[in-house]
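Reader: I am new to reading structures. Can we go through this one step by step?

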Amino acid sequence: MLRLAIRNFGARKLRSVATAMAVFFGVAMVAGTLILSDSVNASFDELFGEVNAGIDVSIRPEVAVEGEFGSVPTTGFDASLLKQVRGVDGVEKAAGTINDPRISILDENGDRIGPPQGGPPHIAVSPLPEPFESLSYIEGSQPRTPDEFGIDSISADNEGYEIGDTVRITGPAGAKEYTLSGIAEFGSGASLGGASLAEFTLGEARRLTDKPGKFDAIDAAAADGVTPEQLAQRIAAALPSNVDVRTGTETAAEDAGDIKDGFAFLTTALLVFAAIAVFVGAFLIYNTFSITIAQRTREFAMLRTLGASARQLVAGVLAEAAMVGALASALGIAGGFGFVVAIKAIFSAVGFDLPTSGLGLDLTTVLIAIAVGIGATVLSALAPALRATRVAPLEALRESGGSTEAEVRRHGRRRTVIAAVLSVLGVAIIALTLFGSGGIGSALVQLGVGLVALFIGLAMLGGRAVPAIASALGWPIEKLRGIPGRLARENSQREPARTATTAAALMIGVALVVFVGVFSSSIKTSATETIDSQFAGDLAIVNTDGFSPIPAKIADEVAGIDGVQSVSPLSTVPAKLDDGGEEINLTGVEPDGLAAIANLDWTDGSDETLAELGSSGAIVEQGWADDNDVEVGDTVPLTGANGEQIEVEVRGAVDDQSGLVVGSLAIARTTLRDTFGVTDDFLDFVGFAPGADAAATRNAVDELLASRFPNAESRDQNELKADQEDAINQVVALIYVLLGLSVIVSVFGIVNTLSLTILERRREFGMLRAIGSSRRQVRRMVRYESVITALLGTIVGAVVGLVLAIAAVEALKDEGLVLSVPIALPIVVLIAAIVLGALAAIGPARRASRVNVIEALQYE
Amino acid sequence: MEAQAEMIVRCVDLRRRYGEGEAAVDALAGVTLDFPRGELTSIVGPSGSGKSTLMHVLAGLDRPTGGQVWVDGSEITALEDAELTRLRRDKLGFIFQFFNLVPVLSAEENVTLPLRIAGRDVDDGWLETLLDTVGIADRRTHRPAELSGGQQQRVAIARALISKPAVVFADEPTGNLDSTSSTHVLELLRRSVDELGHTVIMVTHDPRVAAYADRVVLLVDGGVSSDTSVASAEQVHELMQTA
Ligand SMILES: Nc1ncnc2c1ncn2[C@@H]1O[C@H](COP(=O)(O)OP(=O)(O)OP(=O)(O)O)[C@@H](O)[C@H]1O
Ligand SMILES: [Mg+2]
């Protein structure tokens, strides 16, 4: 049997390869993601290992609440701590440094170098003595005056900086021009993941980051005979409790861990898309094996008459599947490196340098790739293989292969029941996930399970629905294209189950594309509607990177501009609700000017409430308050990022579902500054005086920002909306690219099915050619059939995707989501389906039109 | 030239060789034949004698390795694929041993298929006449799978005649039929020649089938062994025995 399987695999080389392609993309994505994540993790371990190499103990301010994006820029601690550290027994040497990611290195146009929005940070650092310093200068020297700076070699290369160049750098204290004194790198020239480092003298670093008399970190070295652990314990005992004391090794692991956690999200996301591709591929494997096994019914029956057992037949088919899977795995692992290159290219296009020092293939990756490739193929081939066992020896003698009518019907009824159960189950799980309660993590898994059940169910049900839908889709083609259209329309309904499975593979990709399209459009619409309804001011001043804080001084200086009537700064800090431990993004508002610039939608209280907020009052976002059982009148204990604790009383509630002003809880901005040590603002709302020349006033604001605070920019309503849309569009584009791979897989599926089908219909094509069909007519016939199949998958997929998106938006209505269906999307998707269908048909159509008429007719 | 016009199909010194060198087979080794309009001709011969090959080459389905073929006055041996397709579409009709109907089309649609492929209008009167003549008028909406072998072959005959072709080629048209169905099909072909004035060239190895023809051409080893007007099956049988 094994020998026969090998023969079969070999005899159908082309088909075996085409079938392997179905799983190849999925395996390549899995392997690539693992290779990438191993390599990135190793690189970050290496980088932070080097950074912390000479450090026995590292002391930093405590981060009590980390916030969504990992550690927040801290306010540092008083330099006097250094004396205390030096006084600890066993400290051989200790030094303090500034390490602050709130600067922007600017190019000659005043724009941040590197990616324009949301890129990796620019970090201000100050020199350390040996053995703590990890930067070594490869050109020039350390900055020695307040007007000099040093930069990392990768940024220098990217920007073409040379020693002596003048570069503008802006920070919390404003912008200043510096002369480049030297170019430095870490021990091995490790990548910083796209981040840029600028080194200043300690004094200048403190001035630029607005941290006079402070350090962000203190490093200590142990005297002989004292271990880092012992030293860490002694130092911790001597220092106040609001500092973190760790060994260098711990710090390295911690720092790398933070970045790796962030990257783990990407790994998970990529694996999700890989799983989708594998799933789509599984459909195609199933279909291909179903068709080939149907075509080989006679062969199986003959083997049965010769005494082969049913088990031997199954084993034979599965062995063939395993060989296809092995081929897919081998190609997939190689393709994985291509995937890594592609993902790196995409990320570097948006400014992130995924550091991958030495791409390696680890045994686990190889094993996982093989397991996925062979596993998916064998599992998908299992059902068709079992069908081979039902072939009765008698069928060897029957004229045409296949089961009897009754068999088909009985089989069909059971299939329909299973399909219906699966579909209903899928819908139920999805509905439960969307409308029930539960964590977001388990929700995603549940959603996945629900979708898989739904898709399989629909694919199986498809067999029933195909004739009607295909007939409807084919109608215009028949009307427009005559006999090739007529035959295509009929042929697409000939093997409904086959057409359904082929179309289903495409359906999955299209459903997800449409879902993402509609869902993201709804998010965009909601975001822009919020800006429309709540932002009553003229300008918002934000960081040019779109999310970092801006210097607090901006508010004061902009307020002094002619034509500006009011400026209302907003600041934020990660905080914890003490009892629940729930993490929130606490907002600090300036009660005086806010009401004039933001249209707060009060559900309890009024703008008066805001004016009377005081230092102990708070307002809540209604939806958040409902979810967290907080009511007006409650007293809420809060812990800020720096560990300070306060209690506030809830005085009012507003509806601000998208969190433009109040995401969860807002208190006075002065409390954030005085108690939680927040020095920066998140944004400033600016309102012009009535009758002021808007253009001139904005010009004045922009000029001030450009000259004093180049990392901030002003955005009017429309620009704010466009920013929101751009940010979402970028993510959507990446998702489309990844889903695109699944769509490509399903196009391969159409190619494969068509090719197999054409093999079956050689005689028919030969006859059509004999009675006068031109090659072109035959090609058209195949092409239209392909287009009908593609349209079938696309239309059903689009409907499924739309329904899912409507359900998801409905489920998230409380978050302020409003359904918005982009009109262009269905049109683009339909046109794409027609084009893909036509493309998939190119090869098969050519083969069909080239059948040798005589051979096709003589063959039995 | 006058005589030529009456000859609907002509071939001169037709050769068809398969393979090369030692293993080469001459399926046709110089065949020269004329087929006049309005005649039913049988091509008979033992298995492997080149009957099918001759028909394929005459019909432009296969290219000869030597010699020339004229159909309805024009030489087809030099034609491009597209022109051959047009020739088949406009001037030729085919009947195959394995009926070769399109399974997804109804009987009537199968009959009108050549016209639809050619983009020509269906002559309803002629269609009715044909359906009546072949006796499937009441089965016109059935799909091939719902018809018996004999009925399917009768549909195929109607299909071959629908475009009023200059000549109909039939390869073993009764090869897959029982004797009743065979008789029916042969009578149909006979009538299409006698009553409708068609030209039919039919390949068979069955003497009884061949006896329906006006003329019997005997092929042996790729060459014409005899070319006669014979009356009975016995005579044809004898002819084939002597070969
Ligand atoms: N494609 C081919 N390649 C090689 N040889 C061929 C091919 N087709 C036919 N032949 C050979 O050409 C010769 C004539 O074949 P042909 O099919 O014309 O015979 P036939 O008279 O129709 O036989 P039958 O009565 O069995 O149908 C045979 O020897 C056959 O083996
Ligand atoms: Mg033959």
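Reader: What percentage of the 860 residues in chain A do buried residues make up?

Author: This is a predicted model. A residue counts as buried when its relative accessible area is under 20%. Among the 860 residues of chain A, the buried share is 51%.

Reader: How many helices and strands does chain A have?

Author: Along the principal axes, the C-alpha atoms of chain A fill a box of roughly 95 × 70 × 50 Å. Within chain A there are 24 helices and 25 strands.

Reader: Which residues form the nonpolar patch on the surface?

Author: Take A:Val835, which sits in helix 23 (residues 824-849) of chain A. A patch residue needs over 30% relative accessible area. A:Val835 has 43%, so it is partly exposed. The patch has about 580 Å² of accessible area together, and its residues are A:Ile823, A:Ile827, A:Ile831, A:Val835, A:Leu839 and A:Ile842.

Reader: Which residue of chain B brings a polar side-chain atom 2.7 Å from an oxygen atom of ligand 1?

Author: Begin with the backbone. B:Gly48 has a backbone N or O atom 2.8 Å from an oxygen atom of ligand 1, and a polar backbone atom of B:Ser49 is 3.2 Å from an oxygen atom of the ligand. The side-chain contact at 2.7 Å comes from B:Lys51.

Reader: How much of ligand 1 does the protein bury?

Author: The shell around ligand 1 has 4 nonpolar, 6 polar and 1 charged residues. Its largest share, 3 residues, comes from helix 2 of chain B. Taken alone, ligand 1 exposes 630 Å². Of that area, the protein buries 60%.

Reader: Is helix 4 of chain B mostly covered or mostly open, and how many of its residues are buried?

Author: Helix 4 spans residues 107-118 of chain B. Its buried residues include B:Ala107, B:Val111 and B:Leu115. Just after the helix, B:Gly119 takes a positive phi of about 70°. Helix 4 is mostly covered, and its buried count is 9 of 12.

Reader: Is B:Trp126 buried or exposed?

Author: B:Trp126 lies in helix 5 (residues 124-134) of chain B. Its relative accessible area is 11%. The cut-off for buried is under 20%. Therefore B:Trp126 is buried.

Reader: How many residues apart are A:Lys176 and A:Asp147?

Author: Side chains of opposite charge can pair when their charged atoms come close. In the salt bridge of A:Lys176 with A:Asp147, the closest N and O atoms are 3.2 Å apart. A:Lys176 is in strand 9, and A:Asp147 is in the loop between strand 6 and strand 7 of chain A. The pair links distant parts of the chain, 29 residues apart.

Reader: Is A:Arg698 buried or partly exposed?

Author: A:Arg698 and A:Asp716 meet in a salt bridge at 3.5 Å, N to O. A:Asp716 has a relative accessible area of 23%, so it is partly exposed. A:Arg698 is at 18% relative accessibility, so it counts as buried.

Reader: Which parts of chain B hold B:Lys91 and B:Asp72?

Author: The side chains of B:Lys91 and B:Asp72 meet in a salt bridge at 3.7 Å, N to O. The pair ties together parts that are 19 residues apart in sequence. B:Lys91 lies in helix 3, and B:Asp72 lies in the loop between strand 4 and strand 5.

Methods: Residues are numbered from 1 along each chain as its sequence is written. Chains are lettered from A and ligands numbered from 1 in the order in which they are written. This is a predicted model: local features need pLDDT of at least 70, side-chain atom pairs count only at pLDDT 80 or more; totals for chains, interfaces and linings use all residues. Side-chain values use heavy atoms; hydrogens and water are left out. Patches are made of residues with over 30% relative accessible area and no salt bridge: like charges are joined within 9 Å, nonpolar side chains (Val, Leu, Ile, Met, Phe, Trp, Tyr) within 5 Å. Accessible areas come from the Shrake-Rupley method with a 1.4 Å probe; for residues, only the protein chains shown count as cover. A salt bridge is a side-chain nitrogen of Lys or Arg within 4 Å of a carboxyl oxygen of Asp or Glu. Helices (H or I, at least four residues) and strands (E, at least two) are DSSP runs, numbered from the N terminus. Buried means under 20% relative accessible area, exposed over 50%, partly exposed in between (1.4 Å probe, protein chains only). A polar contact is a pair of N or O atoms within 3.5 Å; within protein, one must be able to donate a hydrogen and the other to accept it, and residues adjacent in sequence count only if both atoms are side-chain atoms. Ala, Val, Leu, Ile, Met, Phe, Trp, Tyr, Cys and Pro count as nonpolar, Asp, Glu, Lys and Arg as charged, and the others, Gly among them, as polar.
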